[in-house]
Amino acid sequence: MAHQAVQELIGLLPDGVVITGPDEIEKYREDFAHDGSAGTPIAVVRAESAEQVQQTVRWAAEHRVPVVPRGAGTGLSGGSSAVDGGITLCLERMRGVEIDPACQVAIVEPGALNVEVKRAAAEHGLWYPPDPSSYEICSIGGNLATNAGGLCCVKYGVTTDYVLGIDVVLADGTQVSLGGKRIKDVAGLSLLKLFVGSEGTLGVITKAILRLVPAQTVGATVVSSFPSMTAASRAVVAIRTLLRPAMLELMDNPSIRAVEEWRSHGLDGAAGALLIAQSDAPDAACAAEVELMRRCCEEAGATEAFTTTDPTEAELFVSARRNAFHALETRGSVLFEDVGVPVPLLPDLVDGVAAIAARCEVEIAVVAHAGDGNTHPVIVYDGTDPACVDRARKAFEEVMALAISLGGTITGEHGVGRAKKGALPDQLGEEVMALTRRVKDALDPDGLLNPGAVL
Ligand SMILES: Cc1cc2nc3c(=O)[nH]c(=O)nc-3n(C[C@H](O)[C@H](O)[C@H](O)COP(=O)(O)OP(=O)(O)OC[C@H]3O[C@@H](n4cnc5c(N)ncnc54)[C@H](O)[C@@H]3O)c2cc1C
């Protein structure tokens, strides 16, 4: 039966769009979480147009086949992991990017990489701010579906703040357009925002209209070393009370050392923590922001606060921070956390994570979009030792429980996916979970879109 249905799908779509060979589909099974939860799809559809997405979803609805939407597969919570007996609907071939400079928007197909949108916008002196560390390898569709954050979000906001419109294919194959090139639009319910962050569980995004802003220039970067994460996070709280930097990123000692061992960026391997702060304010305002940030760091106990206005030098530090996940992955098996708290509670969160690491006897390296209170404790462990695996999983759960106890969230930007859904009710509570299920049931009554993710 499944075989017959797949043959029908192959017949519906142009040659090469549907692939079924075990070797060919292997690279579409897992995302970057590599959490072992992925199943084996009966086929992978590499759609080339919105129409093909509609045809695929209609076919899936008719045959009751689960559909896992997939962008570039860089997710860190198992959101695009394949399911047994389902299909993976990959948008990587839909790459169009068009800039409308008069409206200051980008009209983008979902498979376009974040960096491709940035580059196209830059040709018109414009900028698409959301910048996940993975911006060179992740897709806009994935960014919208997870409401991705990044490094400049502390000042410029997250993905949803830049989404003016989308086309989305619903579970029955109907395509709707929500929003448009309008900066202001309050007609009807805010359905557009419902789909942003819905992790492929409510529909498949086939087009996005993204707001652009005039390009900014980084004026200065302040890199401060601290004896401990507690001291560095106190500096973060002080800075965020006084100003809104263009970037405020934190690395702890294990992540500094991991990056240095992986590929040297010239970081101080002896520092307890490194805080990278940027200002893109103009002229005198930039100097004033730098002065304030330096003072906050020194008062919080920084052993060094170094300022550079050289973009190449600054990029070396920023890329060290961006590369932390890749570096940590080379040290063993990893579990990526993404917890966030209100900014003033950042010191409590980092202290709590250190206590969990000690209690569970695992290494937890911490990098953070600190200015947003969003941390990524990365649990590094020996995946071949069952006892170690158990301790790592325990630490993973405890970090989420800690964040909730501090009034925080289990995920600031990576999404719930499959890796974190067990903890979602603890954060949202019964009534919000029930409301969430009612929304899901209304839009996807047969539960075919990304089953097993989020809910
Ligand atoms: C080194 C590294 C650094 C990272 N840094 C950051 C960071 O700073 N900030 C951040 O937010 N994330 C970060 N991430 C996580 C990841 O890159 C983001 O979650 C990204 O938005 C995922 O995009 P993707 O195209 O890879 O999506 P995928 O992994 O393919 O999918 C992610 C989710 O989106 C859904 N989806 C994908 N496309 C569509 C679509 N067209 N319609 C409907 N649903 C869809 C999938 O079903 C899945 O639930 C990082 C990842 C890596 C590997």
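Q: Which backbone atom lies 2.9 Å from a nitrogen atom of the ligand?

A: Start with the idea: a polar contact is a pair of N or O atoms within 3.5 Å; within protein, one must be able to donate a hydrogen and the other to accept it, and residues adjacent in sequence count only if both atoms are side-chain atoms. Here, a backbone N or O atom of I205 lies 2.9 Å from that ligand nitrogen. Keep in mind that this is a predicted model, where local features need pLDDT of at least 70, side-chain atom pairs count only at pLDDT 80 or more, and totals for chains, interfaces and linings use all residues. Residues are numbered from 1 along each chain as its sequence is written, and side-chain values use heavy atoms, with hydrogens and water left out.

Q: What lies 2.9 Å or 3.1 Å from an oxygen atom of the ligand?

A: A polar backbone atom of G73 is 2.9 Å from a ligand oxygen, and an N or O atom in the side chain of T146 is 3.1 Å from a ligand oxygen.

Q: How do the axes of α8 and α13 cross?

A: Axes are lines fitted to C-alpha atoms, for helices over the stretch in contact, with angles from 0 to 180 degrees between N-to-C directions. Helices are DSSP runs (H or I, at least four residues), numbered from the N terminus. Helix α8 (residues 229-242) and helix α13 (residues 346-360) have axes that come within 8 Å and cross at roughly 160°. Angles over 145 degrees count as roughly antiparallel, so α8 and α13 are roughly antiparallel to each other.

Conventions:
Helices (H or I, at least four residues) and strands (E, at least two) are DSSP runs, numbered from the N terminus. Angles under 35 degrees count as roughly parallel, over 145 as roughly antiparallel, 65 to 115 as roughly perpendicular and the rest as oblique.
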